[in-house]
Amino acid sequence: MSLDISLIREQPCCVFEHNITHNLGKMAKEAGLYYPMWRPDEIGVEFAHQLIEPLEQGILLLESDPQRFEALNPDNGWGCYAGLLDSAKIYLKACIEYPDARVCVSR
């Protein structure tokens, strides 16, 4: 017989990083994506799986009326409809792949 002793240290590991311009905030609000993407903490989101449904809904809304959202493209040219749509899709894919990941945003 023997005694096995282990000390295990779990360190946080980033599994997804993405950056998007704040210039798309108005468009994101219109699509219902502002709080899920920019301020998840304010709507009680702690883990990635909590973002799946809001991201899916926002993506559907963006795709349902491109002209409506393209009209909200920032005047200064920094950010666009396609960029927000792509970012939301990339984020959704990561949330599906890593549902138990803790959500952290830096504004």
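Start by selecting Arg39 and Glu42: in this predicted model, their side chains meet in a salt bridge, with N and O 2.9 Å apart. Colour by accessibility and you will find Arg39 partly exposed at 23% relative accessible area, while Glu42 is partly exposed at 44%.

Next, pick Arg102 and Glu46, another salt bridge, at 2.4 Å from N to O. This pair links distant parts of the chain: Arg102 sits in the segment after helix 5, Glu46 in the loop between helix 2 and helix 3, 56 residues apart. Arg102 is exposed at 57% relative accessibility, and Glu46 is partly exposed at 39%.

Now move to Lys89 and Glu63, whose closest N and O atoms are 2.8 Å apart in a salt bridge. Here helix 5, with Lys89, is joined to helix 3, with Glu63, across 26 residues of chain.

To find its centre, select Phe16, His18, Tyr91, Cys104 and Val105, the nearest of its 24 lining residues. By class, the lining has 16 nonpolar, five polar and three charged residues.

Finish at Cys104, which is exposed at 73% relative accessible area. The structure holds zero disulfides.

Key
Residues numbered from 1 in each chain as written. Predicted model: local features only at pLDDT ≥ 70, side-chain atom pairs only at ≥ 80, totals over all residues. Heavy atoms only, no water. Disulfide = S-S within 2.5 Å. Buried < 20%, exposed > 50% of the residue type's maximum accessible area, 1.4 Å probe, protein only. 1 Å grid on protein atoms, 1.4 Å probe; cavity = no way out; pocket = protein on both sides within 12 Å on 5 of 7 lines; lining within 4 Å. Nonpolar A, V, L, I, M, F, W, Y, C, P; charged D, E, K, R; others polar. Salt bridge = Lys/Arg side-chain N within 4 Å of Asp/Glu carboxyl O. Helix = DSSP H or I, 4+ residues; strand = E, 2+ residues; numbered from the N terminus.
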